[in-house]
Amino acid sequence: MLDRFFEAVAALLLSAITLLALAAVVARYILNASLSWSAEVLVGLLVYVTFFCGYLALRKGAHLRIDVVAACLPARGQWILFFLNQALIGVVCVVMVVWGLEQTLTFSHRTTLMLGAPQWLFYAAVPISGVGMLLELIRQCIAAVKAEVPPYEAARQAALEESAS
């Protein structure tokens with residue numbers, strides 16, 4: 001359910017970015033006017049798309065990894081590598097949540113120059129996606145343990161089942 005939320009939000013944000021960028025270009029070059037606020041909004045939307053798509057990439061197993069190493073390892077080595085990998089990603093997610101909350105609170109009283117919008121809105125994407133990624137990591141670990149097959153094989157099977165449905 002969380003992945004559908006992130007997918008919907010990312011799709012809406014990408015649509016908004018496209019339409020706003022098009023409107024800014026049309027305003028500047030056809031109407032000879034400027035949407036002075038459009039740059040701030042575009043940056044904010046791009047931040048959210050970036051972090052929300054980071055969650056989606058983790059969910060779909062699309063983050064960069066070297067499967068060749070895992071395939072050469074025995075089952076026990078694959079388990080160790082999987083949980084080591086998950087732990088490292090988890091550390092990054094915890095940093096995202098902690099640092100993201102710190103930055104969000106630090107900039108909670110500031111506003112953007114053109115819109116006067118609160119800057120914390122831009123920074124909130126970091127802890128939100130960090131929490132989503134942590135939840136996904138936990139889900140992946142539970143799914144791998146329940147599957148009782150080497151984790152990288154479980155990930156392949158889950159991806160195949162998801163693409164089939």
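## Contact criterion and model

Two residues are in contact here when heavy atoms of the two lie within 4.5 Å. The structure under discussion is a predicted model.

Threonine 104 itself belongs to helix H4, which covers residues 75–106.

The relative accessibility of threonine 104 is 12%. Because the limit for a buried residue is under 20%, threonine 104 counts as buried. A polar atom of the threonine 104 side chain also lies 2.6 Å from the backbone oxygen of glycine 100.

## Overall architecture

The protein chain contains 7 helices and 0 strands. Read from the N terminus, the order of elements is α-α-α-α-α-α-α. Of contacts between residues at least 6 apart in sequence, 74% connect residues at least 24 apart.

The chain has 165 residues, and 32% of them are buried. The accessible surface of the chain amounts to about 10400 Å², with 72% belonging to carbon and sulfur atoms.

Helix H2 comprises 23 residues, namely residues 38–60. The span from the first C-alpha of H2 to the last is 32 Å, close to the 33 Å expected at 1.5 Å a residue. Glycine 61 follows H2 and has a positive phi, near 70 degrees.

Definitions and conventions:
Residues numbered from 1 in each chain as written. Predicted model: local features only at pLDDT ≥ 70, side-chain atom pairs only at ≥ 80, totals over all residues. Heavy atoms only, no water. Helix = DSSP H or I, 4+ residues; strand = E, 2+ residues; numbered from the N terminus. Buried < 20%, exposed > 50% of the residue type's maximum accessible area, 1.4 Å probe, protein only. Polar contact = N/O pair within 3.5 Å; in protein donor to acceptor, adjacent residues only side chain to side chain. Areas by Shrake-Rupley, 256 points an atom, 1.4 Å probe, with all protein chains shown as cover. Expected span 1.5 Å × (residues − 1).
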